[in-house]
Amino acid sequence: QVHLVESGGGLVQPGGSLRLSCAASGSIFSGVAMGWYRQAPGKQRELVAAITSAGSTNYADSVKGRFTISRDNAKNTVYLQMNSLTPEDTAVYYCIAGPVVVPISPYDYWGQGTQVTVSS
């Protein structure tokens, strides 16, 4: 069983920054893709960013240039550095791990989600 635990969410003012972390259990971490999806109220869950086991990255157009995904295989952790946040970034952010993570498949594992609220 794979467990993903997110942390780092919270309330931030527009223009501010947050860093999300996702700690994964199990020895599969280094061989899987990881990523972050988000879901705002009344909207579908959408990809934010993904990173392969080799370190290749993929970003949603709305976050390119503002967000950075990275991973530390030694710590079994994936990070999402979020800068220049806007109210449109407000959502629950979910960590995902799986064979590819884009697109989502039944073989993916999900964290419980962490709330990010951007408001003045």
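Me: Taking contact to mean heavy atoms within 4.5 Å, which residues does Ser 70 touch, not counting residues up to four places away in sequence?

Reply: Before reading any contact, keep in mind that this is a predicted model. With that cut-off, Ser 70 touches Ile 51, Thr 77, Val 78 and Tyr 79, once residues up to four places away in sequence are set aside. Ser 70 itself is found in strand S7, and its C-alpha lies 9.5 Å from that of Ser 56, a residue 14 places away in sequence.

Me: Is Ser 70 buried or partly exposed?

Reply: The general idea is that a residue is called buried under 20% relative accessible area and exposed over 50%, with partly exposed in between. Ser 70 has a relative accessibility of 30%, so it counts as partly exposed. Thr 77, one of the residues that Ser 70 touches, has a relative accessible area of 9% and is therefore buried.

Me: Where does Thr 77 lie, and what lies 2.8 Å from a polar atom of its side chain?

Reply: Thr 77 belongs to strand S8, which covers residues 77–82. A polar atom of the Thr 77 side chain is 2.8 Å from the backbone oxygen of Lys 75. Across the sheet, Thr 77 in S8 has Ala 23 standing opposite.

Me: Which residues is Ser 21 in contact with, leaving aside its neighbours within four places in sequence?

Reply: Ser 21 sits in strand S3, residues 18–24, and, with those neighbours left aside, it contacts Val 5, Glu 6, Ser 7, Trp 36, Thr 77, Val 78 and Tyr 79. Its relative accessibility is 16%, so Ser 21 counts as buried.

Me: How many disulfides does the count come to, and which residues form a disulfide?

Reply: A disulfide is a covalent bond between the sulfur atoms of two cysteines. The count in this structure is one disulfide, formed by Cys 22 and Cys 95, whose sulfur atoms are 2.1 Å apart. Because Cys 22 lies in strand S3 and Cys 95 in strand S9 (residues 91–98), the pair ties together parts 73 residues apart in sequence. The torsion about the S-S bond is about -85°, so the disulfide is left-handed. Cys 22 has 0% relative accessibility and so counts as buried, and Cys 95 is buried too, with a relative accessible area of 0%.

Me: Why is S9 largely enclosed by the rest of the structure?

Reply: The way to judge this is to ask how many residues of the strand fall in the buried class. For S9, seven of the eight residues are buried, so the strand is largely enclosed by the rest of the structure.

Me: Which strand do seven bridges join to S9?

Reply: Seven bridges join S9 to strand S4 (residues 33–39), and the two run antiparallel; in this pairing, Trp 36 stands opposite Cys 95 in S9. S9 also pairs in the antiparallel sense with strand S11 (residues 114–118) over three bridges, with Gln 115 in S11 as the bridge partner of Val 92. Two further bridges join S9 to strand S10 (residues 109–110), again antiparallel, and here Ala 97 has Tyr 109 in S10 as its bridge partner.

Me: How many residues has the largest nonpolar core, and which of them have the most contacts inside it?

Reply: A nonpolar core is read by following buried nonpolar side chains that touch one another. The largest here has 29 residues, and those with the most contacts inside it are Met 34, Trp 36, Leu 80, Met 82 and Tyr 93. At least two residues of this core come from each of S3, S4, strand S5 (46–51), strand S7 (67–72), S8, S9 and S11. Apart from it lies another core of six residues, including Ala 33, Tyr 37, Leu 47 and Val 101. As for Tyr 93, the residues it touches beyond four places in sequence include Leu 20, Trp 36, Val 48, Phe 67, Leu 80, Met 82 and Val 116.

Technical notes:
Residues numbered from 1 in each chain as written. Predicted model: local features only at pLDDT ≥ 70, side-chain atom pairs only at ≥ 80, totals over all residues. Heavy atoms only, no water. Helix = DSSP H or I, 4+ residues; strand = E, 2+ residues; numbered from the N terminus. Buried < 20%, exposed > 50% of the residue type's maximum accessible area, 1.4 Å probe, protein only. Contact = heavy atoms within 4.5 Å. Disulfide = S-S within 2.5 Å. Polar contact = N/O pair within 3.5 Å; in protein donor to acceptor, adjacent residues only side chain to side chain. Pairing = 2+ DSSP bridges. Core = buried A, V, L, I, M, F, W, Y, C linked by side-chain atoms within 4.5 Å.
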